[in-house]
4 protein chains.
Amino acid sequence: MIKIALMGAGRIGALHARNIAASDEARIHVVYDTSAAAAQALADRYGATAVDSADRVFEDAQVDAVFICSPTDTHVPFSERAVRSGKAVFCEKPIDLNLESVMSIVALLREYPVPFMTGFHRRFDASTRRIREHVDTGRVGELEFMRVMSRDPGPPPPAYVARSGGIFRDMTIHDLDLCRWLTGREFTRVFARGFNLFDAGTKAEGDFDTATATLWDDKGFSVVLQNSRRSNGGFDQRIEVMGSAASVGMENVPLTQTRLILPDGLKCDALPDHFPQRYGGAYVAQLAEFLSAVKERRQPMTTAVDGVAALQLADACALSAANQTVVGIEPIALSLGVK
Amino acid sequence: MIKIALMGAGRIGALHARNIAASDEARIHVVYDTSAAAAQALADRYGATAVDSADRVFEDAQVDAVFICSPTDTHVPFSERAVRSGKAVFCEKPIDLNLESVMSIVALLREYPVPFMTGFHRRFDASTRRIREHVDTGRVGELEFMRVMSRDPGPPPPAYVARSGGIFRDMTIHDLDLCRWLTGREFTRVFARGFNLFDAGTKAEGDFDTATATLWDDKGFSVVLQNSRRSNGGFDQRIEVMGSAASVGMENVPLTQTRLILPDGLKCDALPDHFPQRYGGAYVAQLAEFLSAVKERRQPMTTAVDGVAALQLADACALSAANQTVVGIEPIALSLGVK
Amino acid sequence: MIKIALMGAGRIGALHARNIAASDEARIHVVYDTSAAAAQALADRYGATAVDSADRVFEDAQVDAVFICSPTDTHVPFSERAVRSGKAVFCEKPIDLNLESVMSIVALLREYPVPFMTGFHRRFDASTRRIREHVDTGRVGELEFMRVMSRDPGPPPPAYVARSGGIFRDMTIHDLDLCRWLTGREFTRVFARGFNLFDAGTKAEGDFDTATATLWDDKGFSVVLQNSRRSNGGFDQRIEVMGSAASVGMENVPLTQTRLILPDGLKCDALPDHFPQRYGGAYVAQLAEFLSAVKERRQPMTTAVDGVAALQLADACALSAANQTVVGIEPIALSLGVK
Amino acid sequence: MIKIALMGAGRIGALHARNIAASDEARIHVVYDTSAAAAQALADRYGATAVDSADRVFEDAQVDAVFICSPTDTHVPFSERAVRSGKAVFCEKPIDLNLESVMSIVALLREYPVPFMTGFHRRFDASTRRIREHVDTGRVGELEFMRVMSRDPGPPPPAYVARSGGIFRDMTIHDLDLCRWLTGREFTRVFARGFNLFDAGTKAEGDFDTATATLWDDKGFSVVLQNSRRSNGGFDQRIEVMGSAASVGMENVPLTQTRLILPDGLKCDALPDHFPQRYGGAYVAQLAEFLSAVKERRQPMTTAVDGVAALQLADACALSAANQTVVGIEPIALSLGVK
């Protein structure tokens with residue numbers, strides 16, 4: 001059994017804890033949170049120990065792997081200490097909002113090559129993976145272009161926006177990671193735009209509530225992204241990759257497969273509210289991949305380099321949107337000799 | 001150009017007239033109706049002659065083909081005279097409500113083998129034909145069972161019901177013809193039920209507003225039919241044939257391919273109101289097949305024997321529903337050595 | 001925490017065990033199986049005790065509830081002992097193949113009113129429940145008719161068939177339960193047919209591989225069922241209820257929401273292989289309902305009477321298919337004053 | 001009956017001729033083509049007169065309306081002469097590839113206000129119109145963004161490309177017109193990119209085979225377009241408009257509504273080959289609107305100004321793609337005080 005230390009007993013920490021408890025491969029060993037009560041509650045539920053000092057986690061020789069689910073500004077320091085302690089790390093996205101900080105983790109991992117996973121859970125969704133299968137097996141043929149639509153059910157509170165790094169680093173980054181992963185392409189140019197259409201709170205924080213980006217690579221493969229902090233039908237997540245032989249896409253997943261025939265048309269069921277409902281299975285599959293990587297002492301499917309690469313694209317989007325110009329990118333992933 | 005005589009200038013006659021006018025192969029030569037005004041109006045519209053006597057149609061040597069769209073009780077006498085005059089005949093369904101009368105036409109056609117088509121327009125619908133293609137090419141494999149759902153938008157007026165021959169001979173008969181045609185099977189047993197759920201007018205005429213039937217053949221291939229004189233979403237027409245290798249079916253055809261994403265689910269467009277909207281294209285394709293048969297001096301795809309066979313099944317359904325027992329059938333089509 | 005005794009450590013027992021382990025409300029206390037090794041393996045996995053005598057389960061005062069997942073012929077004796085011991089019971093379907101035996105459990109429960117659940121897991125599927133919601137809230141209006149399609153991926157082994165009670169009691173029974181539950185109707189007449197189309201092993205056991213049934217109630221509400229032991233696309237499960245205001249149905253649930261646009265058409269993903277994949281979530285929801293009933297000392301949503309009622313309908317189907325006549329039913333559920 | 005002169009007896013001319021012949025409101029009076037044989041053949045078919053001089057068309061006082069279906073370089077001169085002769089004009093798209101030339105027609109129409117229609121047939125497609133209905137009635141709410149996907153089945157011959165004005169003026173222009181029409185917005189900024197992915201012939205002519213464009217207006221409403229000269233599944237035409245209350249889109253229209261259930265998934269039917277199959281009904285509806293406008297002596301739904309406005313956007317796309325910068329637009333439609 002892999003013994004796991006959970007850093008952060010908030011909403012996302014609790015989600016991971018539940019999946020770890022249901023796994024045959026791992027158990028929660030220790031829970032840390034700045035709120036001792038929160039740590040204790042979660043520890044009690046799963047028969048783990050609560051601690052009030054992060055030090056006790058990193059010093060505990062029984063801990064095999066650390067799940068970093070604490071606030072973003074702790075991700076890098078906790079990651080560094082875990083890596084130096086020889087523990088495997090699962091770090092929630094983003095590793096950091098600053099590219100150089102994330103790069104420092106990549107550098108550290110060359111010295112201490114422990115399994116390190118960045119939490120891009122959407123790669124593990126069954127529909128998303130099926131897209132990649134069809135691309136990988138050649139069924140789609142030569143890739144031509146791609147589109148991604150991603151809409152949150154509603155805008156986050158201003159306090160969240162303030163620390164989010166902006167829509168491109170907070171929301172678009174997931175789509176950017178998928179663009180890289182699903183196609184195996186590294187994008188070298190981006191043109192992005194942000195708009196303030198409906199949320200005064202977001203605007204007050206200097207962020208956009210709506211965004212679009214066009215990225216392309218040196219072969220002319222291009223992708224268009226559309227993001228909004230508001231949707232009119234739950235959590236809207238769609239992807240399509242067009243190739244010479246087929247196009248493969250992912251439609252939204254309705255809550256059920258019921259169909260109503262009404263006088264004014266056929267009606268399908270509503271969409272999931274938000275990511276925990278839509279991607280519940282993806283979090284389970286993500287955990288399985290992490291635990292496999294820990295057991296096999298290998299890097300998992302989503303590495304620290306993936307975190308760097310997605311952030312680099314998000315930074316380029318933000319810069320393009322600020323200046324309304326095309327921004328060139330020299331893909332770090334390529335210069336690191338990865339992929 | 002094939003010169004056509006139109007018997008009956010009512011709603012269905014006008015529908016055929018429009019299609020004939022748009023065809024490159026035929027034109028309307030003469031129009032007969034008991035209402036001289038109706039005949040004149042239609043004749044004027046398409047540059048034809050109106051006549052007030054059916055005799056003048058059958059005596060007119062220029063008439064190549066007769067479209068019988070007059071009331072049901074005239075179908076057999078008009079058919080007989082047209083056949084004896086050597087003219088090709090398109091006869092709206094049903095040829096007659098009495099099986100022996102219809103058989104008399106079949107017998108007559110052995111003597112005068114003119115092209116004779118029974119108006120089972122649904123065979124010519126693009127989706128329906130595609131089902132048959134998949135059955136014929138073997139893609140469905142060995143046939144196992146089938147289901148048919150057919151719902152009218154609303155009950156017909158009592159006067160119509162009174163002369164309709166009852167739901168099985170008026171409505172189910174179309175489904176029965178499709179069951180035969182799509183599968184190439186002749187059914188030998190039937191169990192049917194009729195219900196009075198909602199329409200007092202239908203009940204007053206001694207007819208059912210809702211019906212179901214199960215038919216099977218000697219190999220154990222079975223079909224279930226569900227019919228209703230009421231729908232909750234337009235004209236509902238669905239078919240599915242299950243086989244060892246695939247199942248092939250036909251969903252309803254919405255008016256457009258628009259999709260609304262609403263807070264409570266995805267919404268497609270409404271269905272067509274009734275058969276002229278749903279099967280507009282089928283009537284055009286049916287006409288093309290008839291004109292080809294006339295040119296090639298051959299029997300068309302839907303023959304008088306098909307009219308007999310479908311009516312025989314409808315009669316068996318009606319008898320079964322009346323007695324609530326299984327009714328055996330000796331398929332006339334087989335005894336006639338057809339198919 | 002509700003302490004559960006698991007009778008039977010086979011495939012379905014293991015499925016329930018996994019769900020119990022993941023629940024916050026219950027834990028597995030003891031495991032019994034005629035194979036001591038199987039009992040021990042499952043007990044070890046979830047920190048429970050293995051026993052080699054059923055007596056030790058019923059005598060154990062700590063056991064709150066018994067899950068009966070052992071062979072069918074043990075369901076009644078184990079149920080009786082559990083009920084007399086005051087323990088709540090979850091009994092896998094069928095309680096027994098003999099209607100009088102099942103009735104004896106119903107009678108016993110009047111004396112010892114412990115929570116008793118019959119395992120009709122399909123009621124707990126999200127799509128199925130949504131159908132019932134739409135019926136209950138009146139969105140469907142007055143019910144008119146219904147159709148159910150249920151196809152297994154492939155025929156079971158002859159040994160299974162031999163003890164199954166036949167296709168109507170083994171397979172159709174699930175559909176019959178849903179017909180009652182989704183509509184609240186008790187059916188009073190049935191006409192059923194069985195066919196031997198493809199599986200010699202099934203035929204050798206005197207059972208059918210394909211079946212169809214038509215049931216109706218005193219108001220003329222009717223349902224047609226189609227069942228097959230073979231499918232051409234995974235586990236095929238479809239339902240539709242037609243009413244005066246809307247029709248509500250359940251389409252199959254594809255494995256993912258990927259869509260391929262190919263030269264010859266749009267392609268969706270495959271269906272689940274069989275019931276564990278299709279109804280995984282339904283088993284979890286079923287457990288939650290059972291545990292709630294245990295905590296609240298009430299009867300769960302699927303009672304022993306539901307087991308009786310479904311078996312009565314299955315018996316009537318089997319009799320009708322044997323004699324090819326309509327079979328009348330006096331609904332036991334009504335005579336018991338239930339529902 | 002409106003008497004129509006057809007200029008150009010090629011493929012698109014023949015398509016319009018067939019629709020005119022089927023109309024109750026109009027008939028073909030005269031046909032002109034540089035090929036006397038082509039003009040004669042079409043004239044014979046519909047009982048019209050063939051002429052070998054365009055002069056004879058404009059001098060013929062009986063001609064009510066002129067359909068200009070001749071090569072693009074004749075559109076402006078023929079339009080001018082028809083307008084000055086007081087005849088209504090239907091002019092195939094594009095009016096001209098040069099914006100100033102098209103503007104000259106707009107100016108001329110102020111002097112001679114005859115009905116003048118630009119052939120943007122896609123506005124008349126039933127699904128497309130339904131989108132606009134949902135936008136107009138407010139069901140979509142405040143508009144936020146839009147996406148358009150348009151893929152031809154295969155690249156045109158190099159000779160066509162050479163005279164086409166490039167992908168933006170030839171193909172994207174239809175999408176640009178729809179963006180304006182469906183939303184009522186005038187776009188003020190565009191960023192576009194063109195790529196050469198697969199067709200050497202197109203590249204040799206200095207044109208792109210793949211293109212993308214992002215346009216936005218002063219309120220921040222944005223649209224992304226994706227175009228390709230190649231598809232993998234017929235003629236691919238999709239649109240979606242996202243608003244505060246709903247999103248409304250148009251999926252592709254399959255040839256039939258057949259569904260195959262196959263071992264590896266559900267399969268729908270193929271898409272239409274190209275625009276005549278997909279937009280056959282749209283051409284009929286476009287004709288009806290033109291004839292109504294002629295009868296009512298009003299401008300039709302798609303005016304010469306619409307031709308100017310779409311070309312202005314296409315020009316901006318082409319310029320942006322050439323320079324890889326954002327291009328600003330001062331909407332001519334606004335300065336003309338139209339809309």
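Start by selecting chain A and chain C. Here, 28 residues of chain A are in contact with 28 residues of chain C (contact means heavy atoms within 4.5 Å). This is a predicted model, where local features need pLDDT of at least 70, side-chain atom pairs count only at pLDDT 80 or more, and totals for chains, interfaces and linings use all residues. Residues are numbered from 1 along each chain as its sequence is written, chains are lettered from A and ligands numbered from 1 in the order in which they are written, and side-chain values use heavy atoms, with hydrogens and water left out.

Stay at this interface. Chain A and chain C bury about 2,300 Å² between them (the accessible area, with a 1.4 Å probe, that two parts lose on being put together, summed over both). Carbon and sulfur atoms carry 54% of that area.

Next, select R45(A) and D24(C). They form a salt bridge, with the closest N and O atoms 2.4 Å apart (the rule: a side-chain nitrogen of Lys or Arg within 4 Å of a carboxyl oxygen of Asp or Glu). Chain A and chain C have four salt bridges between them.

Now move to chain C. Select K93(C), P94(C), I95(C), D96(C), V102(C), T118(C), F120(C), I173(C), G307(C) and L311(C). These residues line the second largest cavity. A cavity is a set of points on a 1 Å grid over the protein atoms alone where a 1.4 Å probe fits but cannot get out; lining residues have an atom within 4 Å of a point.

Finally, color chain C by domain. Domain 1 (2–114) and domain 2 (123–274 + 303–335) both give residues to this lining, so the second largest cavity lies between them. The domain bounds come from an automatic or database domain assignment.

Technical notes. On a 1 Å grid over the protein atoms alone, a cavity is a set of points where a 1.4 Å probe fits but cannot get out, and a pocket is an open set with protein on both sides within 12 Å along at least five of seven lines; lining residues have an atom within 4 Å of a point.
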